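Hi,

Here is the structure I promised to pass on.

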Amino acid sequence: RSPRGEDITVFLERIGNFFMKMVRKKGYANVLACQGTTLRTWLDNVNDLHEHLKCTMCPGFVFPEFVCGDDPEEEDGASFILHYRSPRGNGLFPLVVGITKDVAEFYFHHSVEMELQVKCP
């Protein structure tokens with residue numbers, strides 16, 4: 001449970017949402033807008049952004065890895081699968097959900113639904 005007594009998943013999603021608002025407030029809105037013209041391309045480019053941050057601001061930090069793949073159950077291309085890999089495990093996935101939902105809404109004027117599917121190695 002969070003310090004406010006809410007479910008930790010909800011709390012971490014809210015932190016992800018807050019993080020994106022803070023990053024924009026700090027002046028990075030235009031940089032993030034250049035990440036892609038669709039949510040999928042934006043997410044496809046996150047690893048490059050992380051690599052840049054690692055080289056310039058956060059040496060030694062280990063960022064998670066993101067890969068977008070086609071959803072085999074959808075033929076219209078409206079859905080995709082976001083693969084999230086982190087050396088810290090899946091515990092911070094709700095943070096990714098909050099960030100992704102905020103990006104979808106702020107930059108692409110879309111709401112998104114996300115579902116966690118844990119795969120063991």
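Tyr107 is buried, with a relative accessible area of 16% (buried means under 20%, exposed over 50% and partly exposed in between, using a 1.4 Å probe and protein chains only). Before you read on: this is a predicted model, where local features need pLDDT of at least 70 and side-chain atom pairs count only at pLDDT 80 or more, while totals for chains, interfaces and linings use all residues. Residues are numbered from 1 along each chain as its sequence is written, and side-chain values use heavy atoms, leaving out hydrogens and water.

Now the rings. Those of Phe, Tyr and Trp (its six-membered ring) pair if their centres lie within 6.5 Å; planes under 30 degrees apart are stacked, over 60 edge-to-face, and the rest tilted. That rule gives four aromatic pairs. One of them is Phe106 with Tyr107, edge-to-face at 4.8 Å centre to centre and 80° between the planes. Phe106 itself is partly exposed, at 42%. Arg24 lies over the face of Phe106, 3.7 Å from the ring centre (for Lys NZ or Arg CZ, the cut-offs are within 6 Å of the centre and within 35 degrees of the ring normal).

Tyr84 and Phe93 make a tilted pair, 6.0 Å centre to centre with 55° between the planes, and both residues are buried. Ring pairs also link Phe66, Tyr84 and Phe93 into a cluster.

His109 is exposed, at 69% relative accessibility.

Cheers
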